[in-house]
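My notes follow in the order I took them.

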Amino acid sequence: MHLNSNLFSPLRLPNGISLPNRLVKAAMEENLSNENLEPNRSLWNLYEVWAKGGVGTLITGNVMVDHRAMTGPGGVVLEEGTSLDGFKTWAETVKSNGAKIIMQINHPGRQILAKLGGNVWAPSAISVDLGNLSKLLGKPKAMDESEILETIQRFVTTAKLAENSGFDGVEIHAAHGYLISQFLSPLVNQRTDKWGGSLENRSRFLLEVIQSIRKSVSPNFIVSVKMNSSDFQKGGFPFEDAIEVIKKIQPLGVDFIEISGGNYEAPAMQGVSRDGSTLAREAYFLDFARQITKIATVPIMVTGGISRIQIAETVLESGVSLVGMATALALNPNLPNDWKEDRNPIVKLPLPNWKSKALAGLATMAMVRYQLQRLAKKKSPKVKIYPWFRLLSDQLRLFRLTKRYRRWMENSKF
Ligand SMILES: Cc1cc2nc3c(=O)[nH]c(=O)nc-3n(C[C@H](O)[C@H](O)[C@H](O)COP(=O)(O)O)c2cc1C
């Protein structure tokens with residue numbers, strides 16, 4: 001055990017609840033729901049493996065607040081009318097192993113695959129620009145006032161249902177180019193009403209979601225936010241705006257803020273920037289997080305590119321309170337226990353060095369998702385894999401899940 005390491009010390013949050021240690025499993029959409037978009041054995045197994053691996057807090061993959069708007073097929077939905085049974089088991093599985101479980105709640109906005117269909121809502125009717133892959137995404141419609149208010153209410157309902165199911169808290173997904181981050185971005189939000197224009201107006205949606213959730217849940221229920229440090233696009237949401245938004249949200253009863261970056265157009269969360277700024281090779285957003293800690297009154301968490309204990313310790317030494325890891329825990333769910341017992345295994349994916357960065361990004365996601373599927377079957381991770389093969393089988397699997405979702409939508413009771 002690294003005697004000097006604070007990684008395994010608890011963290012007391014502003015609401016008085018303590019997280020067991022500083023290591024957090026960051027959100028990864030699992031695409032493992034049952035045909036009714038609910039969690040079942042696959043998800044329970046996966047989270048049991050992680051909880052037993054020593055990570056103190058587990059943030060779920062994004063759970064949708066509206067079944068008509070999915071970030072991906074095989075996703076989980078929690079809304080009025082959803083059966084809570086599978087959610088209760090999900091939460092209990094983690095808590096009975098001594099870890100905390102926080103549900104990430106999200107609405108994709110305009111980042112919806114065209115094949116999936118549903119309500120492609122956005123602040124303004126501006127499509128995602130993915131070059132010649134742009135057609136893969138749906139054509140957005142600008143939301144009207146009642147759709148905005150309905151969606152805010154949906155975030156509140158999902159948070160309340162998460163609490164009723166035994167979750168320790170929620171994380172509001174305001175990063176990665178999904179709906180809330182679209183409201184924040186001047187590139188996507190060109191509204192002229194009170195929801196767009198000035199930063200005050202662009203951040204209104206996020207502020208309303210936080211305030212309304214905080215009012216509806218108990219004080220010891222954790223409310224956290226995942227935010228972009230920047231979206232790393234010219235004319236987009238810059239770091240200076242992120243600082244101002246953080247100043248606005250921290251007095252609202254937020255228990256921690258996770259720092260990430262990027263969106264589908266500029267996937268900084270995979271270590272890529274599109275505005276010429278440089279990201280670190282490991283802990284991509286640490287420089288930003290370090291600056292944020294100077295104005296922070298709530299704990300800060302940073303996620304992206306962390307897989308070595310030395311880097312995790314550097315993160316804490318910088319004044320950041322929580323270390324988020326996604327890929328590393330998919331490749332080795334036992335990593336926290338390994339670190340605790342002085343083992344430092346290095347597990348790496350065979351990252352594809354392809355000309356098409358978009359395809360390479362998709363293949364990397366496919367390889368990580370494959371590990372989640374293996375863990376969900378209680379198999380160990382397998383990194384000796386061919387990226388092309390994984391990309392193709394992942395696409396096939398997602399295609400089947402897309403058909404299943406469309407069938408479900410046609411027969412849906414809603
Ligand atoms: C398969 C996969 C699914 C992801 N799904 C989500 C998600 O649902 N919500 C989210 O905020 N981030 C999601 N992410 C991003 C991660 O939370 C994280 O920000 C990113 O992978 C960088 O961290 P890492 O280098 O430790 O993987 C996902 C990442 C991967 C690889």
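I began with H12 and H13, which are roughly perpendicular to each other (65 to 115 degrees counts as roughly perpendicular, under 35 as roughly parallel, over 145 as roughly antiparallel and the rest as oblique). The axes of H12 (residues 357-376) and H13 (residues 387-411) cross at roughly 80° and come within 8 Å. Axes here are lines fitted to C-alpha atoms, for helices over the stretch in contact, with angles from 0 to 180 degrees between N-to-C directions. Helices (H or I, at least four residues) and strands (E, at least two) are DSSP runs numbered from the N terminus.

I noted that this is a predicted model, in which local features need pLDDT of at least 70 and side-chain atom pairs count only at pLDDT 80 or more, while totals for chains, interfaces and linings use all residues. Residues are numbered from 1 along each chain as its sequence is written.

I then listed the residues of H12 that meet H13: Leu 362, Ala 363, Ala 366, Met 367, Arg 369 and Tyr 370. On the H13 side I found Pro 387, Arg 390, Leu 391 and Asp 394. Contact means C-beta atoms, placed from the backbone, within 7 Å. By class, I read seven nonpolar, no polar and three charged residues in the contact of H12 with H13 (Ala, Val, Leu, Ile, Met, Phe, Trp, Tyr, Cys and Pro are nonpolar; Asp, Glu, Lys and Arg charged; the others, Gly among them, polar).

Next I looked at H3 (residues 145-164) and H6 (residues 204-216), which pack at about 40° with axes 9 Å apart. They are therefore oblique to each other. Among the H3 residues that meet H6 I noted Ile 152 and Phe 155, and on the H6 side Val 209 and Ile 213 are included.

I turned to the cores (buried Ala, Val, Leu, Ile, Met, Phe, Trp, Tyr and Cys residues joined through C-beta atoms within 7 Å). The largest has 116 residues, and Ile 180, Ile 259, Ile 300 and Val 302 have the most contacts inside it. H3 gives the most to this core, with seven residues. A second, separate core of five residues includes Ala 363, Ala 366, Met 367 and Leu 391.

Last, I checked Gly 169, which lies in strand S10 (residues 169-174). Is Gly 169 buried or exposed? It counts as buried, with 25 C-beta neighbours inside 10 Å (buried is 20 or more other C-beta atoms within 10 Å, exposed 12 or fewer, partly exposed in between, with C-beta atoms placed from the backbone).

How values were computed: Two residues are in contact if their C-beta atoms, placed from the backbone, lie within 7 Å.
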